[in-house]
Amino acid sequence: MPGHRARKRFGQHFLTDPGVVDEILRSVHATKDDIVVEIGPGLGAITAALAEQAGELHTVEIDRDLARSLQRQYADNPSVTIHEADALKFDFASLGERLRIVGNLPYNISTPLLFRLLGYRDQILDMHFMLQKEVVDRMAAGPGSKTYGRLSIMLGCHLDIESLFDVVPDAFDPPPEVMSAVVRLDPLPPGRFQISDEAILSRLVAQAFMQRRKTIRNSLKKELTPADLEAVGIDPGLRPEQIGIAQYVELSNHIASTLR
């Protein structure tokens, strides 16, 4: 949309680097068998190619002017549907099964949007997102890493997370103040982690990492006893970042069982 100025309230940074666009498209590798959902198409940097490659393309755009411009552009293409909507409120299940979701996500909503999309994981085949590199690093971190924490665990117990490549600020207009990265997210097979109570797991993990330099015994002393940790084979002297996802799930399930 010529002349459109990025709107700060929507966190808009429009991708302009054709090399990065091509790399994203190669990573997604959409085919005519795919239902692709693009969140935040903006000026349509990858929309045209996705419209050609996918069997069906849905875009979700909150900016009224951009959405209406795209609606005019694709008015004669029955395989493309432009939704003027807030992705944080949109019903992705209404679009079908085995959805492939793509997006250059506004950094100010990326984390809440990722957690919202977890609720649709049974309908999602995979997701490719441009995010702030710091967020991607935290998402993809493993136990023992300085960036491993709540985001790594609460997403990692539902998704396989792979950081694909970094993107410099100059690839956008206007350039963000931080590095970006593209990440691929694949929902894990049902039952990989048997979580008895998601709320208990979330609370335990949040509490554990509030003071990550403490031992797990001390950081969770208000939530459980050393005997609870030992019951699931966790050394009370470990720090929170030294404990894997499966152990946190097992611990939360143990706590859930004692509350029944």
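Author: Let us begin with Asp-126, which in this predicted model is buried, with a relative accessible area of 3%.

Reader: Why is Asp-126 called buried?

Author: The word buried is kept for residues under 20% relative accessible area, and Asp-126 has 3%, so Asp-126 is counted as buried. Asp-126 is part of strand β6, which covers residues 124–132. Setting aside neighbours within four places in sequence, the residues in contact with Asp-126 are Leu-99, Arg-100, Ile-101, Arg-184, Leu-185, Asp-186 and Pro-187.

Reader: What makes the pairing of Asp-126 with the side chain of Arg-100 a polar contact?

Author: A polar contact needs a pair of N or O atoms within 3.5 Å, one able to donate a hydrogen and the other to accept it; the side chains of Asp-126 and Arg-100 make such a contact at 3.0 Å.

Reader: How do you know whether His-83 is buried or exposed?

Author: The relative accessible area of His-83 is 18%, and the limit for buried is under 20%, so His-83 is called buried. His-83 belongs to strand β4, residues 80–84, and its side chain makes a polar contact with the side chain of His-58 at 2.9 Å. Beyond residues up to four places away in sequence, His-83 touches His-58, Thr-59, Val-60, Glu-61, Phe-90 and Leu-95.

Reader: What makes His-29 and Arg-98 exposed?

Author: Exposed means over 50% relative accessible area; His-29 has 57% and is therefore exposed, and Arg-98, at 55%, counts as exposed too. His-29 sits in the loop between α1 and β2, while Arg-98 is found in the loop between β4 and β5.

Reader: What is the phi of His-29, and what is that of Arg-98?

Author: Most residues other than glycine have a negative phi, and most peptide bonds are trans. His-29, not a glycine, has a positive phi of about 50°, and Arg-98, likewise not a glycine, has a positive phi of about 55°. As for peptide bonds, a cis bond with omega of about -10° joins Asp-173 and Pro-174, and Pro-174 lies in the loop between β8 and β9.

Reader: Why is helix α7 called oblique to helix α10?

Author: The axes of α7 (residues 198–208) and α10 (residues 245–258) come within 9 Å and cross at roughly 120°. Roughly perpendicular covers 65 to 115 degrees and roughly antiparallel begins over 145, so the angle leaves α7 oblique to α10. The crossing is right-handed, and among the residues that make the contact are Leu-201 and Leu-204 of α7 and Leu-251 and Ile-255 of α10.

Reader: How many residues of the contact of α7 with α10 are nonpolar, polar or charged?

Author: They divide into ten nonpolar, one polar and no charged.

Terms used. Residues are numbered from 1 along each chain as its sequence is written. This is a predicted model: local features need pLDDT of at least 70, side-chain atom pairs count only at pLDDT 80 or more; totals for chains, interfaces and linings use all residues. Side-chain values use heavy atoms; hydrogens and water are left out. Helices (H or I, at least four residues) and strands (E, at least two) are DSSP runs, numbered from the N terminus. Buried means under 20% relative accessible area, exposed over 50%, partly exposed in between (1.4 Å probe, protein chains only). Contact means heavy atoms within 4.5 Å. Axes are lines fitted to C-alpha atoms, for helices over the stretch in contact, and angles run from 0 to 180 degrees between N-to-C directions. Angles under 35 degrees count as roughly parallel, over 145 as roughly antiparallel, 65 to 115 as roughly perpendicular and the rest as oblique. A crossing is left-handed if the near helix is turned anticlockwise from the far one by less than a right angle, and right-handed if clockwise. Ala, Val, Leu, Ile, Met, Phe, Trp, Tyr, Cys and Pro count as nonpolar, Asp, Glu, Lys and Arg as charged, and the others, Gly among them, as polar.
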